[in-house]
Amino acid sequence: MAYYLVPPDGNPASIAPSLGRIKRGVGTTQAPTNGATNGTTQAPYPYATDAEPNNPTVIPRDILGGFHFTFLIRHPRSSIPSYYRCTVPPLDTITGFSEYMPSEAGYNELRRVFDYLRSVGQIGPKSAGQDSEGHASNAEFSKGSEVCVIDADDLLDNPAGIVQAYCKSVGIKYDPDMLKWETEEDHNQAMQAFDKWTGFHEDVINSKDLKPRLHKKKVMSVQDEDTEWIAKFGEKGAQVIRKTIDANVEDYEYLKKFAIKA
């Protein structure tokens, strides 16, 4: 979701007008809404507002400071073809997404938000389930939350261990039933939560629990991956997938260093 907090294509950030501080006075009785100023419609971005030093998002730091951030990552070799599959036939008619945009991968945006929160001391220096690291922190957030990065493969290999370590980090009492959603109420809640994203989460909706997978994910060779993707998506599709993976793997591997250890 960090992709939606950071301006596209590496553009510099400025605070969203609806979230900015308003100085009360003559003619300033209410905050402007996004895209409209004095009755005239403007483009959604860039905003004609001030930026916060080093903040890569459109959200003020004082609002960001009210959240305990968790970063969920997945290797691009898995996530990119999975998302691409949802934008081409036959799934595109179900998801409503018919155009794949490599810029939506979001790894760089996630890393930039992650590094910013570390730089101001809101998260870290300690990573959940790892030994402390000597990173500088800002006095305002001198007791930053532990860095919480969860890698999807780690979660699938050891769901109980990862969730238990996560709960310990964020101060939630762990319960093994967290890994089950067997009741009708659970399924209705899941269906409502994912209703907007038809076609993207069918495997989860149709499941009832999270168990360790029997075998760890096999790492395929580049040649085997390309052969598989060409068969599924054609030559052009495979090229787009490979190019997008190559553009994002460095950011993924950087974040992976901070992943929770069970």
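Let's start with Trp-181, which sits in the loop between α6 and α7 (184–193); helices (H or I, at least four residues) and strands (E, at least two) are DSSP runs, numbered from the N terminus. A quick word on the source: this is a predicted model, where local features need pLDDT of at least 70, side-chain atom pairs count only at pLDDT 80 or more, and totals for chains, interfaces and linings use all residues. Residues are numbered from 1 along each chain as its sequence is written, and side-chain values use heavy atoms, with hydrogens and water left out.

Leaving aside residues up to four places away in sequence, Trp-181 touches Asp-186, His-187, Val-204, Ser-207, Lys-208, Asp-209 and Leu-210, contact being heavy atoms within 4.5 Å. Of these, Ser-207 is 26 residues from Trp-181 along the chain, with 8.0 Å between their C-alpha atoms.

Now for α6 itself. Its twelve residues, 159–170, reach 16 Å from first C-alpha to last, close to the expected 16 Å, which is 1.5 Å times one less than the number of residues. Buried in α6 are Pro-159, Gly-161, Ile-162, Val-163, Ala-165, Cys-167 and Ser-169. What do these buried residues pack against? Their partners are β5 (145–147), β6 (149–151) and α5 (152–157). After α6 comes Gly-171, with a positive phi near 85°.

On to the helix pairs. The axes of α2 (residues 76–85) and α9 (residues 222–256) come within 8 Å and cross at roughly 130°. Axes here are lines fitted to C-alpha atoms, for helices over the stretch in contact, with angles from 0 to 180 degrees between N-to-C directions. So α2 and α9 are oblique to each other: under 35 degrees counts as roughly parallel, over 145 as roughly antiparallel, 65 to 115 as roughly perpendicular, and the rest as oblique. In α2, the residues meeting α9 include Ile-80, Pro-81 and Tyr-84, and among their α9 counterparts are Trp-229, Phe-233 and Ile-241. That contact divides into eleven nonpolar, three polar and three charged residues (Ala, Val, Leu, Ile, Met, Phe, Trp, Tyr, Cys and Pro are nonpolar; Asp, Glu, Lys and Arg charged; the others, Gly among them, polar).

Finally, α4 (residues 107–119) and α9 have axes that come within 9 Å and cross at roughly 35°. By class, the contact of α4 with α9 has six nonpolar, two polar and five charged residues. Thanks, everyone!

Definitions and conventions:
Buried means under 20% relative accessible area, exposed over 50%, partly exposed in between (1.4 Å probe, protein chains only).
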